[in-house]
Amino acid sequence: MDEAQFNRIYEAYSRKLYNYVLWVTRSRPMCEDILQSAFVKVWKYPMVPQVERELEAWLFTVVRNTCMDHFRSNSRHARLRTEFSAESAHSHIDDSAENRMTWEMIAGLSEDDRTVIYLHLKMGYNYREVGRIMEMEENAVRVRAFRALKKLRDQFVEEPV
Amino acid sequence: MTQASDTHFTEEELTAHAMGEPSASIAAHLVGCVTCAKLVEQIGRLKTDIAELPDEDVPASVRRRILSSARFRGHASRRKPGHPFLDWVRSPAVLIVGAMLLLFLLYFAYVSLG
């Protein structure tokens with residue numbers, strides 16, 4: 001990849017990828033380390049997908065795998081930091097009470113659940129596409145999304161149905 | 001309640017419906033079933049709340065760090081491109097086969113001259 005192509009990819013996708021990693025890790029220092037490693041990998045890749053949607057999905061796969069590597073290599077330390085406590089959950093830009101409540105609910109989900117919810121609800125990928133990014137079966141993604149939503153809904157609603 | 005609402009859909013089916021896999025039979029059922037309609041409405045609200053959570057901009061310092069690191073490591077790890085034929089000649093398999101061929105020729109010459 002040449003520098004112009006790398007810069008174009010960075011400009012187009014860094015914001016989405018940054019927010020995805022922040023969503024999963026809830027730690028800015030960790031997010032920055034992971035994003036840096038992921039972009040170095042992207043830079044070294046000789047061939048990247050040319051179709052925009054495929055390129056974006058591929059970038060999410062690279063970033064997700066980098067997150068997993070990071071968690072594995074720093075397992076204990078990283079886990080402690082990613083324990084997305086109620087305090088850290090809303091150390092986000094937005095302090096509105098409603099958003100704070102949503103962040104706190106997301107805090108209760110596992111990293112994989114957060115990834116499914118982010119890719120499906122924030123990025124608009126369907127389950128098959130999420131499955132490709134996460135290297136999971138479509139049905140496994142559907143089940144994971146259902147369980148994650150149920151968990152969120154149980155916290156979200158005052159009077160469960 | 002209407003007859004359609006006597007048999008509720010499962011939570012999984014209603015979630016799938018609310019999450020972008022619409023079903024005509026569920027849509028018809030929801031018209032007459034307050035319980036299922038409420039669940040679908042809750043999932044819809046949750047979807048909207050999550051989708052509307054604001055994103056952050058990438059801090060300028062992160063951008064500088066990533067771009068300089070990618071350039072530095074990229075240049076450091078990239079070998080200068082050589083000629084493809086020379087790269088092929090230098091490959092271990094070709095070197096081993098070449099060495100064996102040379103030994104064979106030496107042996108053949110030794111036997112022929114001796």
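This is a predicted model: local features need pLDDT of at least 70, side-chain atom pairs count only at pLDDT 80 or more; totals for chains, interfaces and linings use all residues.

Me: Which residues meet where α7(A) touches α3(B)?

Reply: From α7(A) you have Ile117(A), Leu121(A) and Lys122(A), and they meet Lys47(B), Ile50(B) and Ala51(B) of α3(B). By class, that contact has 4 nonpolar and 2 charged residues, with no polar ones.

Me: OK, zoom out. How many residues of each chain are in contact?

Reply: Chain B puts 29 residues in contact with 30 residues of chain A. On the chain B side, α1 (11–18), α3 (34–51) and α4 (60–77) each supply at least two residues.

Me: And which element gives the most on the chain B side?

Reply: α3(B), with 10 residues. The side of chain B that touches chain A splits into 13 nonpolar, 6 polar and 10 charged residues.

Me: Switching topic: what are the domains of chain A?

Reply: The domain assignment gives domain 1 (1–83) and domain 2 (92–161). Their contact takes 8 residues from domain 1 and 9 residues from domain 2.

Me: What elements are on the domain 1 side?

Reply: α1 (3–25) and α3 (52–73) of chain A give two or more residues each, and α3(A) has the largest share, 4 residues. By class, that side of domain 1 has 5 nonpolar, 2 polar and 1 charged residues.

Methods. Residues are numbered from 1 along each chain as its sequence is written. Chains are lettered from A and ligands numbered from 1 in the order in which they are written. Domain bounds come from an automatic or database domain assignment. Two residues are in contact if their C-beta atoms, placed from the backbone, lie within 7 Å. Ala, Val, Leu, Ile, Met, Phe, Trp, Tyr, Cys and Pro count as nonpolar, Asp, Glu, Lys and Arg as charged, and the others, Gly among them, as polar.
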